[in-house]
Amino acid sequence: MSGNADTTPLAAGERPPSTVVGPLAWLRANLFNTWYNAILTILIAWAIIRTVPPLIEWAVIDAAGFGATSEMCREATGACWGFVREKLRFILFGTYPYDEQWRPLATVALFILLLGASCDRRFWKPWFGLVWLAGLVAAGVLMWGGVFGLTYVENTLWGGLPLTLILSVIGLSVAFPISILLALGRRSDMPAVKAICVAYIELIRGVPLISLLFMASVMFPLFLPTGVTIDKLLRAQIAFIMFAAAYMAEAIRGGLQAIPKGQYEAADGLGLSYWQKMGKIILPQALAISIPPLVNTFISFFKDTSLVIIIGLYDLLGTAKAALTDPAWRGYYREAYLFIGLIYWAFCYFMSKYSQWLEKDLNRMRRR
Amino acid sequence: MKKGLLAAAAAVALSVAASGAAHAGPTLDAIKKRGFIQCGVNTGLAGFGNPDSAGNWTGLDVDFCRAFAVALFGDAGKIKFTPLSAQQRFPALQSGEVDVLSRNTTWTLTRDTSVGLNFAPVTYYDGQGFMVPKSLGVTSAKDLGGATVCVQSGTTTELNLADYFRANNLQYNPVVIESVDEVNAAYFAGRCDVYTTDASGLAGTRAAVAPNPDDHVILPEVISKEPLAPAVRHGDDQWFDIVKWTVYATVQAEEKGITSKNVDEFLASKDPDVLRLLGVSAGMGAALGLDEKWAYNVIKTIGNYGEIYERNVGVNTPLKLERGLNALWSNGGLMYSMPFR
């Protein structure tokens, strides 16, 4: 080892040529190594120079700060962050009674806590289902009130982030078990079960979500007797569950099909019943494989909740849009959309990062 | 979720009970049993129906909803607002999800007949107009041949635009855009020469979105009639009467110079018209099946038509809309109350 030329210390002032080490060499090796990479580098650098400084100028230098009034905003040439401060509570909580807005805040915190805890595999035990149930009951008590001295708040007044979270979390958690049953049903040997599952999945997947929401909100009430109305939120929630279940079922079916036939035969050979086979052998493997498409569905579904705006529910996007109609604060849509875009992004980015980690964790045996 | 089902079950029970003992119409009975009015409003339209920063509903349409609640219950709080999208509004009214629709809805023949609505008096006369940059030097819509026109898609605005230019033998290039925000942005970025939508919308956009409102003019031509009115569904004439005469009461009060501030002085008036309106001489309330003080309460808590107008869309609001067609008939407008007698 000692005779190795590489370990000989360089004499002071004696450095390799700048074409081999140093920033210039790095640039050459990574950004300008071929002629097409050189062109790409120049194009991207040009795009960055063209977009980033104006963005910073708009968002920071020329902007009216969070304390700005609408008059100050009219004079500023940049962003008006005063709009976000003024409308913050409305965008986050919608028309929920102003003095009671700690309740939706607590609900959001509760949901984030529950979701955070669910990410830890140590909590993946049957009793955690009860924790979720308790959490949902607590969220219901907080949002509706009417007990423990909380004033009753109708769900027509709910809005903003809690509504988005309720629609997506309840939608996904109810749709998930249904989707497993649908996926199993679609691969079942029983023709009737199979036909029903295939018909359901193909029917729901064959129509856009927006038309399902329209059906639920516009057509469905007309079939009910006069005077009977079913809550708008409930109708939208059911439409979401139906929709998510069909899509997730297909993701899970992909996982089921990827399991080698030998696994099924080995389980049958051990004399396991159908549910034992599925519950202990097939599904744990199939679900682990299905994580990327499932998370894909989760993320798109989370964002799809914003479609409820067309049926007059104020989700996060709906409250931002309604906030923009205040005559005193009109025209700050860049600020509003940027703000809620950040919220959506934070949730979706977290979901995708977590799924990457979970995928690695669950598929350890596959990487061996 | 369970509450929704319970409420539905309760509603079944109520409607069954109501049909058994129907002396008023089914809608009015349901409202009285429920204790509040369900009012369908816009999900967000500046000046007409939009929630403020604290989530309270404001706007001209919203104030009329409150006026109906005051007329019926004497309490502006006995109301529930249901924000409705354009596609949802008629099914929501037909299915009984709302009792009255006060959501910038144009009164048309088909809506009045086959859609099954009854329209109360117009609360805002609107019409489609054109806005151009002052620098173009255009003074009339007849000069707009060959212009590029920004218009929102999927609205009657688009059809009216096509009809107008065809009828006048003018060429134009439509720039059709889905969202209002983007139409605004396209116009102010100079993508089109002309912006067309309802005149109230043009004025609102000019006041609130234009970098400099004085650089833009609204042309005098109004190419469509858009009378916006509250609507109820067919089948309950008494409820329709209450809605109708509540709107008239605000107009009548303005004609007589009665405002929310001076209404108490008018209780000692010598004018028999005023005395009948305010319920000092009994009869009007009983005819409608309301408390004799109904109109007094409406004027006292909500105000007359002029007050409602000025508070929500008038020249001192960001929308800066002149009264125009919405002035009293005695001032050259179209606001005219049927006589209270």
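I began with the domain assignment of chain B, which gives domain 1 (23-125 + 228-331) and domain 2 (128-224). I kept in mind that this is a predicted model.

Next I looked at how the two domains sit. The C-alpha centres of domain 1 and domain 2 of chain B are 31 Å apart. Their contact takes 7 residues from domain 1 of chain B and 5 residues from domain 2 of chain B. I sorted the domain 1 side of that contact by residue type: 5 nonpolar, 1 polar and 1 charged.

Then I took chain B as a whole. I counted 13 helices and 14 strands in chain B. The C-alpha atoms of chain B fill a box of roughly 65 × 55 × 40 Å along the principal axes. I checked the radius of gyration against the globule rule. For 341 residues, a compact globule would come out near 20 Å; chain B has 22 Å, which agrees. Of the 341 residues in chain B, 47% are buried. I also looked at sequence separation. Among chain B contacts between residues at least 6 apart in sequence, 70% join residues at least 24 apart.

On to the nonpolar cores. The largest has 90 residues, and C65(B) and F68(B) touch the most other members. Helix α3 (residues 60-73) of chain B gives this core its largest share, 11 residues.

Leaving out residues up to four places away in sequence, F68(B) touches I37(B), V100(B), I242(B), V243(B) and T246(B). A second, separate core holds 81 residues, including I91(A), A183(A), F214(A) and A236(A).

I turned to helix α10 (residues 232-258) of chain A. At 1.5 Å a residue, the 27 residues of α10(A) should span 39 Å. Is α10(A) mostly covered or uncovered? Mostly covered: 20 of the 27 residues of α10(A) are buried.

Last, I looked at where the chains meet. 35 residues of chain A are in contact with 40 residues of chain B. On the chain A side, α4 (81-93), α9 (209-223) and α13 (316-323) each supply at least two residues. α9(A) gives the most, with 4 residues. By type, I noted 18 nonpolar, 11 polar and 6 charged residues on the side of chain A that touches chain B.

How values were computed
Residues are numbered from 1 along each chain as its sequence is written. Chains are lettered from A and ligands numbered from 1 in the order in which they are written. This is a predicted model: local features need pLDDT of at least 70, side-chain atom pairs count only at pLDDT 80 or more; totals for chains, interfaces and linings use all residues. A nonpolar core is a set of buried Ala, Val, Leu, Ile, Met, Phe, Trp, Tyr and Cys residues joined through C-beta atoms within 7 Å. A residue is buried if 20 or more other C-beta atoms lie within 10 Å of its own, exposed if 12 or fewer, and partly exposed in between; C-beta atoms are placed from the backbone. Two residues are in contact if their C-beta atoms, placed from the backbone, lie within 7 Å. The expected span of a helix is 1.5 Å times one less than its number of residues. Ala, Val, Leu, Ile, Met, Phe, Trp, Tyr, Cys and Pro count as nonpolar, Asp, Glu, Lys and Arg as charged, and the others, Gly among them, as polar. Domain bounds come from an automatic or database domain assignment. The radius of gyration is taken over C-alpha atoms; the globule rule is 2.2 Å times the number of residues to the power 0.38.
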